[in-house]
Amino acid sequence: MLNTKITNYFSDEKTKAFKEEIEYARKHELIDETRTIIEIDPVARFNDAYIERSDKETEEFLGEESASFLNQPIHYFKKNLNEFIYIESAYFPMIHAESICLEVDDIFRTYEVMLGLKLQKKYEKEIKAYLEQELIGKIKVSLLFNQTDGLWDFNFALNNVKGFNEDLTIGEVLVLVYRFLFKLAETVEENK
């Protein structure tokens, strides 16, 4: 699981890496404490991401965006309620996801994250316990196991994630989501 992915991640003697991977590797003694690794800006993780804007109702493609789109404030979605973004990143498999979608819920006006979570059904108890522990406020979550795809259809309100606020950029929100899912993967692994 995560341990194997992090071991592989550091197998090529990296000198630069992201905070989550460095902390995990040091905590689990996958890299030597004396090894110098420079921490990379967390938003840079998504510089090579594929970003697509689409219409929520029709799913019509509205445009492909560059990494500079991530500098938009998250409230972009409240100004463009009809849109959602679809993001693919080479780093998402680390957190058991292929892609992530972001939008604002039309009714509740909460910021929503939608993804397919690639964890086995047997981890349901661990996933739910993590969500109960980590999410704050009036929690809005949908977690359904899809037998056909063998993954969890997982939707949650960003508003319930510690550290979220509307002053963040889309890139900073992606970092927050990545960290939230990274910690979920670590928690599931430790409690399996």
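Reader: What is the N to O distance at which the side chains of R45 and E21 meet in a salt bridge?

Author: This is a predicted model, in which local features need pLDDT of at least 70 and side-chain atom pairs count only at pLDDT 80 or more, while totals for chains, interfaces and linings use all residues. Residues are numbered from 1 along each chain as its sequence is written, and side-chain values use heavy atoms, with hydrogens and water left out. A salt bridge is a side-chain nitrogen of Lys or Arg within 4 Å of a carboxyl oxygen of Asp or Glu. R45 and E21 form such a pair, with an N to O distance of 2.9 Å.

Reader: How many residues apart are R45 and E21?

Author: R45 lies in the loop between β2 (38-39) and β3 (50-55), and E21 lies in helix α2 (residues 19-27). Helices (H or I, at least four residues) and strands (E, at least two) are DSSP runs, numbered from the N terminus. The pair links distant parts of the chain, the separation being 24 residues.

Reader: Is R45 buried or exposed?

Author: Buried means under 20% relative accessible area, exposed over 50%, and partly exposed in between (1.4 Å probe, protein chains only). The relative accessible area of R45 is 4%, so R45 is buried.

Reader: Which residues are linked with E21 and R45 in a network of salt bridges?

Author: E21 has a relative accessible area of 0% and is therefore buried. The network of salt bridges links E21 and R45 with E20 and R179.

Reader: Which parts does the pair of K27 and E186 tie together?

Author: The side chains of K27 and E186 meet in a salt bridge at 3.1 Å, N to O. The two residues are 159 apart in sequence, so the pair ties together helix α2, which holds K27, and helix α5, which holds E186. K27 counts as exposed because its relative accessibility is 53%. E186 counts as buried because its relative accessibility is 13%. The parts tied together are helices α2 and α5.

Reader: At what angle do helix α1 and helix α5 pack?

Author: Axes are lines fitted to C-alpha atoms, for helices over the stretch in contact, and angles run from 0 to 180 degrees between N-to-C directions. The axes of α1 (residues 2-9) and α5 (residues 170-191) are 9 Å apart, and the helices pack at an angle of about 120°.
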